[in-house]
Amino acid sequence: MDEFDRKILDSLQRNSALARADFATEVGLSESQAVRRRQALEQASVIRRYRADLDARALGFAVTAFVHVKLKGHSDGNARRFRDLVRLTPGILEAHAVTGDFDYLLKVCVADLDGLRDLVNGVLLMHQTVDRVRSEIALEVLRDDHLLAL
């Protein structure tokens, strides 16, 4: 990975919808070189996907919360069942296995407090693998750009 690859990645993470010519100009390469390098980064799975950045509030999702989850027991089966639950549950944006008092940290986005209650009480706490849950509601977003410092 050289400086041009880093420029390509930085440009794409800021605006992946640039036209080819504008993209090439921004990274300082010919259009064919920029496209070839971009494709190589995609094939190497350095670029995982492209997607639109949606405004949750504008779409009616007013509550973002961080939910800490502690499992009842530590086994491959429990971890697999919990991962399946996370993968299949709408509203969970991110899920991370973490160190500390809890096993997982989830970032969730729901329409309202009733939606958070339903997710915590009706889904997470009802699941056979879950022992404890603690949630924290985000009051304000200070930064949410997901830009890696390249």
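Me: What share of the 150 residues in the protein is buried?
Reply: Buried residues make up 29% of the 150 residues; buried means under 20% relative accessible area, exposed over 50%, and partly exposed in between, with a 1.4 Å probe and protein chains only. This is a predicted model, in which local features need pLDDT of at least 70, side-chain atom pairs count only at pLDDT 80 or more, and totals for chains, interfaces and linings use all residues. Residues are numbered from 1 along each chain as its sequence is written, and side-chain values use heavy atoms, with hydrogens and water left out.

Me: How many helices and strands are there in the protein?
Reply: The protein has 5 helices and 4 strands. Helices (H or I, at least four residues) and strands (E, at least two) are DSSP runs, numbered from the N terminus. Along the sequence they follow the pattern α-α-α-β-α-β-β-α-β.

Me: Is the protein spread out or compact?
Reply: The protein is more spread out than a compact globule, because its radius of gyration is 20 Å, well over the 15 Å that the globule rule gives for 150 residues. The radius is taken over C-alpha atoms, and the rule is 2.2 Å times the number of residues to the power 0.38. Along the principal axes, the C-alpha atoms fill a box of roughly 55 × 35 × 25 Å.

Me: Turning to H5, which of its residues are buried?
Reply: Leu116, Leu119, Val120 and Leu124 are buried in H5. Seen down the axis of H5, the buried residues fall within an arc of 85 degrees, so they line one face of the helix. The arc is that of the directions from the helix axis to the C-beta atoms.

Me: What do those buried residues of H5 pack against?
Reply: They pack against strand S1 (63-71), helix H4 (76-88), strand S3 (104-110) and strand S4 (130-137), where contact means heavy atoms within 4.5 Å.

Me: And which residue caps the N-terminal end of H5?
Reply: Asp112 does, with a side-chain oxygen 3.2 Å from the backbone nitrogen of Asp114. A polar contact is a pair of N or O atoms within 3.5 Å; within protein, one must be able to donate a hydrogen and the other to accept it, and residues adjacent in sequence count only if both atoms are side-chain atoms.

Me: Another topic: where is Ser30?
Reply: Ser30 sits in the loop between helix H2 (20-27) and helix H3 (31-43). Ser30 is partly exposed, with a relative accessible area of 32%.

Me: What does the side chain of Ser30 reach?
Reply: The side chain of Ser30 reaches the backbone nitrogen of Gln33 at 3.2 Å.
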